[in-house]
Amino acid sequence: MTTPPRTLEPASNFGVIGLAVMGQNLVLNLSDHGFRVAVFNRTAARTDAFAAQHADRSITGFRDLDLFVAAIEQPRRILLMIKAGQPVDDQITDLLPHLAPGDVVIDGGNSLFTDTARRTVELADAGVLFVGAGISGGEEGARYGPSIMPGGDVGAWPIVEDALTAIAATVDGEPCCGWIGPGGSGHYVKMIHNGIEYGDMQIIAEAYDIMGRGLSMSAPEMQPWFERWNDGRLDSYLIEITADILGHTEDDGTPTVDVIVDATGQKGTGKWTVAASMNQSTPVSLIAESVYARIVSALLDERQEAASALGDDIEPLTDSVDQVMADLHDALYAAKIVSYAQGFMLLRSASEEYGWDLDLSMIAGLWRAGCIIRSRFLTEITAAYRKNPSLTNLLLDDYFTHQITQAMPGLRRTVARAARAGIPVPAYSAALSFFDAFRSRRLPANLTQAQRDYFGAHTYERTDAPRGEWFHTNWI
Ligand SMILES: NC(=O)c1ccc[n+]([C@@H]2O[C@H](COP(=O)([O-])OP(=O)(O)OC[C@H]3O[C@@H](n4cnc5c(N)ncnc54)[C@H](OP(=O)(O)O)[C@@H]3O)[C@@H](O)[C@H]2O)c1
């Protein structure tokens, strides 16, 4: 590729740095919407190949960062789609000397929200507006319309709004992109999205395990169940792709899912969600169990040894297939309601802790299309928070109170059945335990408080005194 000469009239009105799977697809999406895109990638060969492949579009590749920046109209809009962490700081350091005051840098990767908050302040000091935008939807979303969650320097929003909303997915004509709030709020919301995604995937995996090990169904036998569920209340992208996956076979007819090693990877956003929940004292127990389930799955060698030493037999299920499957449907649905209720509790507490004033209805709305957790269900959540923006918990919304009450017996029977059989259902169990704890007027925490006071003089509040008055007993 020959480097284009520097011109007085910048040829591009948007810049993208990072041409891996997400960056390339977002560039094509921007190009589809009429943006003239300058592109740069650390490894120049990637830039050359991409620019050559799309020579028929207004996409210009640059090997030099200064020429890349000079080719973009001011105020510049530059999207970073690179590996999160130190690479983002390194790239910003390289970029900053070439930028002008008022330019906008958007980090579209999965950055940690505290890094985004720090970068927003650091770039503001240099006169540059920084946006941390969570982008969800994977490769296909990036290409044809992701869900975008931008936050950071609000002064950047009028500059980037047209581009980000143009490339986002839409629902009923509304873009799945809206300004989230200051600092790291955009990446925080994306982090919760990913945590919820972990939970959704785990509750589906547990259904698959009960169907497979509990009911001895083959993957192709499971497929129609997921297809049917996708026509009802569980209608979602993840249920839909699960049906596709279960129907996929190798050349010899073996279901592809059966030849995949059962050790799950993860990139970190699930762990971050759980760490945030601990820091904010807000329970996302279903997501936490989903992260742990991945960690346990990865102990592959230890699990083989344990299976030999402890036995891996399960008790066959004795109920009819119809009963097990009806309960499983409700277990999935009830667990999903609890998981989203917990995820939105965490968003609500972050909004208060960081002063973000998050619009929970809008956030649920952004997740209705384009992203991995898109589902019919999110329309109901959008409606619940639209009806009552100060709703303290999704489980207390009339619609969801009714739904969870209806589905809970199925979840309860599923957890009991799995426990009797010896099939692990950590996410279903977490959902059930949270539900039962949340609806308990009295928990055994009084005994815990007594123990803490006994061994550590930590004091306790009394039921016959106002809250906030602390007592100590000399127990011995
Ligand atoms: N993949 C997905 O489905 C998905 C979905 C949503 C969000 N994300 C997030 O979006 C971002 C991009 O994801 P991706 O999967 O397209 O790519 P990725 O594999 O996360 O990152 C590869 C890109 O980062 C660049 N890079 C790595 N280290 C760098 C450094 N020190 N300085 C400059 N550039 C560096 C690479 O350049 P070289 O070509 O030179 O190595 C390449 O362009 C990530 O934060 C990811 O977590 C990904």
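Trainee: What share of the 476 residues of the protein chain count as buried?
Mentor: Keep in mind that this is a predicted model, where local features need pLDDT of at least 70 and side-chain atom pairs count only at pLDDT 80 or more, while totals for chains, interfaces and linings use all residues. Residues are numbered from 1 along each chain as its sequence is written. A buried residue has 20 or more other C-beta atoms within 10 Å of its own, an exposed one 12 or fewer, and a partly exposed one falls in between, with C-beta atoms placed from the backbone. By that count, the buried share of the protein chain is 46%.

Trainee: Which residues have the most contacts inside the largest nonpolar core?
Mentor: Such a core joins buried Ala, Val, Leu, Ile, Met, Phe, Trp, Tyr and Cys residues through C-beta atoms within 7 Å. The largest one has 136 residues. Those with the most contacts inside it are Val105, Ala334, Ala335, Leu411, Tyr428 and Ala431.

Trainee: Which helix gives the most to this core?
Mentor: Domain 1 (14–183) and domain 2 (190–438) each supply at least three residues to this core, with bounds from an automatic or database domain assignment. With 17 residues, the one that gives the most is helix 14 (residues 321–354).

Trainee: How many residues does the contact take from domain 1 and from domain 2?
Mentor: The centres of domain 1 and domain 2, taken over C-alpha atoms, are 32 Å apart. Residues are in contact if their C-beta atoms, placed from the backbone, lie within 7 Å. The contact takes 23 residues from domain 1, and from domain 2 it takes 18 residues.

Trainee: Which residues come nearest to the ligand?
Mentor: A residue is near if its C-beta atom, placed from the backbone, lies within 6 Å of the molecule or strand in question. There are 23 residues around the ligand. Those that come nearest are Ala20, Met22, Arg42, Pro87 and Gly109.

Methods. Helices (H or I, at least four residues) and strands (E, at least two) are DSSP runs, numbered from the N terminus. Two residues are in contact if their C-beta atoms, placed from the backbone, lie within 7 Å.
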